[in-house]
Amino acid sequence: AHMAENAAEKKAAEQAKVAAEQERQARLRGELDAMNVAELKDELKAAGLPVSGKKADLKQRLIDNGWLN
């Protein structure tokens, strides 16, 4: 029975870790959505990425380059 408890605890800890990561990404996505174009361009410049395109393009470029990670 003791081994089953450990497995259940490990699974619960793993699920908590996944939930925390999803929460973190949702929070970052919210920050990204709240940024205006100038702020998005500042983030892109800081990352050495192109700053051309529409707001949706800028947001996607940050996401594609690991901004949520």
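Which residues does leucine 58 touch, not counting residues up to four places away in sequence? In this predicted model, leucine 58 touches Val37, Leu40, Lys41, Leu44, Val51, Ser52 and Gly53, contact meaning heavy atoms within 4.5 Å. Residues are numbered from 1 along each chain as its sequence is written, and side-chain values use heavy atoms, with hydrogens and water left out. Local features need pLDDT of at least 70 and side-chain atom pairs count only at pLDDT 80 or more, whereas totals for chains, interfaces and linings use all residues.

The protein chain has 3 helices and 0 strands, taken as DSSP runs (helices H or I, at least four residues; strands E, at least two) numbered from the N terminus. The radius of gyration, taken over C-alpha atoms, is 18 Å, well over the 11 Å that the globule rule gives for 69 residues, so the chain is more spread out than a compact globule. That rule is 2.2 Å times the number of residues to the power 0.38. Along the principal axes, the C-alpha atoms fill a box of roughly 60 × 20 × 15 Å.

In the contact between helices H2 and H3, Val37, Leu40, Lys41, Glu43 and Leu44 of H2 meet Lys55, Leu58, Lys59, Arg61 and Leu62 of H3.

The largest nonpolar core comprises 9 residues: Leu28, Leu32, Met35, Leu40, Leu44, Leu58, Leu62, Trp67 and Leu68. Such a core is a set of buried Ala, Val, Leu, Ile, Met, Phe, Trp, Tyr and Cys residues joined through side-chain atoms within 4.5 Å, where buried means under 20% relative accessible area (1.4 Å probe, protein chains only). Of the 69 residues of the protein chain, 14% count as buried.

How values were computed: Buried means under 20% relative accessible area, exposed over 50%, partly exposed in between (1.4 Å probe, protein chains only).
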